[in-house]
Amino acid sequence: MDGSVFWWVAAGVVAASLAVAAVLVVKLVRARKLLVASGIPMSTKVLFWASIVYLVSPVDLLPDPVLLDDIAFLLVALRSLTKAGARLGIGPAGHRTGGPEAP
């Protein structure tokens, strides 16, 4: 195996992980309207902001080219925020979805 093949594969993995992290950040930004909903637990709101801080923080569990820990943290924050919103009948964009408390 040639050394250049390794670098191309490594660059592809880094590019893919950056793309996934960017998509998750966009989804988190779209779900930010859930932060002003009164029924969302404070722990979920803190997890949202902690995931954003962890993503831009220079201190990581894994080195920066490997974004697996950042992606996992973003996924947990997004999932918990959308689940809390779904319990209230609020979608990620902040408007009612016809849930239990919808008029």
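These legends describe close-up views of one predicted protein model.

Local features need pLDDT of at least 70 and side-chain atom pairs count only at pLDDT 80 or more, while totals for chains, interfaces and linings use all residues. Residues are numbered from 1 along each chain as its sequence is written, and side-chain values use heavy atoms, with hydrogens and water left out.

View 1. Helices (H or I, at least four residues) and strands (E, at least two) are DSSP runs, numbered from the N terminus. Along the sequence the pattern reads α-α-α. The protein has 103 residues, and 30% of them count as buried. Buried means under 20% relative accessible area, exposed over 50%, and partly exposed in between (1.4 Å probe, protein chains only). The protein exposes about 6700 Å². Carbon and sulfur atoms supply 73% of that area. Accessible areas come from the Shrake-Rupley method with a 1.4 Å probe; for residues, only the protein chains shown count as cover. Among contacts with a separation of 6 or more, 55% join residues 24 or more positions apart. Contact means heavy atoms within 4.5 Å.

**View 2. Helix α1 covers residues 3–30.** Its 28 residues should span 40 Å at 1.5 Å a residue. The end C-alpha atoms are 41 Å apart, which agrees. The expected span of a helix is 1.5 Å times one less than its number of residues. Ser17, Ala21, Leu24 and Leu28 are the buried residues of α1. They pack against α2 (42–56) and α3 (68–88). An α-helix has 3.6 residues a turn, so residues three or four places apart point the same way.

**View 3. A nonpolar patch lies on the surface.** Which residues form the patch? Val5, Val9 and Val13 do, with about 240 Å² of accessible area together. Valine 9 lies in helix α1. Patches are made of residues with over 30% relative accessible area and no salt bridge: like charges are joined within 9 Å, nonpolar side chains (Val, Leu, Ile, Met, Phe, Trp, Tyr) within 5 Å. A salt bridge is a side-chain nitrogen of Lys or Arg within 4 Å of a carboxyl oxygen of Asp or Glu.

**View 4. Leucine 35 sits in the loop between α1 and α2.** Is leucine 35 buried or exposed? Leucine 35 counts as buried because its relative accessibility is 13%. Leaving aside neighbours within four places in sequence, leucine 35 is in contact with Lys45, Phe48, Trp49 and Leu81. Glycine 85 is 50 residues apart from leucine 35 along the chain. The C-alpha atoms of the two are separated by 9.3 Å.

**View 5. Helix α2 packs its buried residues against α1 and α3.** Those buried residues are Thr44, Lys45, Phe48, Ser51 and Tyr54. Helix α2 has 15 residues, which should span 21 Å at 1.5 Å a residue. Its end C-alpha atoms are 22 Å apart, in agreement.

**View 6. Helix α3 has 21 residues.** From first C-alpha to last, α3 reaches 30 Å, close to the 30 Å expected at 1.5 Å a residue. Its buried residues include Ile71, Leu74, Leu78, Leu81 and Leu88. The cover over the buried residues of α3 includes α1 and α2. Glycine 89 follows α3, with a positive phi near 80°.

**View 7. Aspartate 69 and aspartate 70 are found in helix α3.** Aspartate 69 is buried yet has no salt bridge. What is the nearest side chain of opposite charge to aspartate 69? Arginine 79 is, 18 Å away. Aspartate 70 is also buried without a salt bridge. For aspartate 70, the nearest side chain of opposite charge is lysine 27, 18 Å away. Lys and Arg count as positive and Asp and Glu as negative; His and the chain ends are not counted. Not counting residues up to four places away in sequence, aspartate 69 touches Tyr54, Asp60, Leu61 and Leu62. With that exclusion, aspartate 70 touches Tyr54, Leu55 and Asp60.

**View 8. Arginine 79 lies in helix α3.** Arginine 79 is exposed, with a relative accessible area of 55%. Leucine 28 is 51 residues apart from arginine 79 along the chain. Their C-alpha atoms are separated by 9.6 Å.
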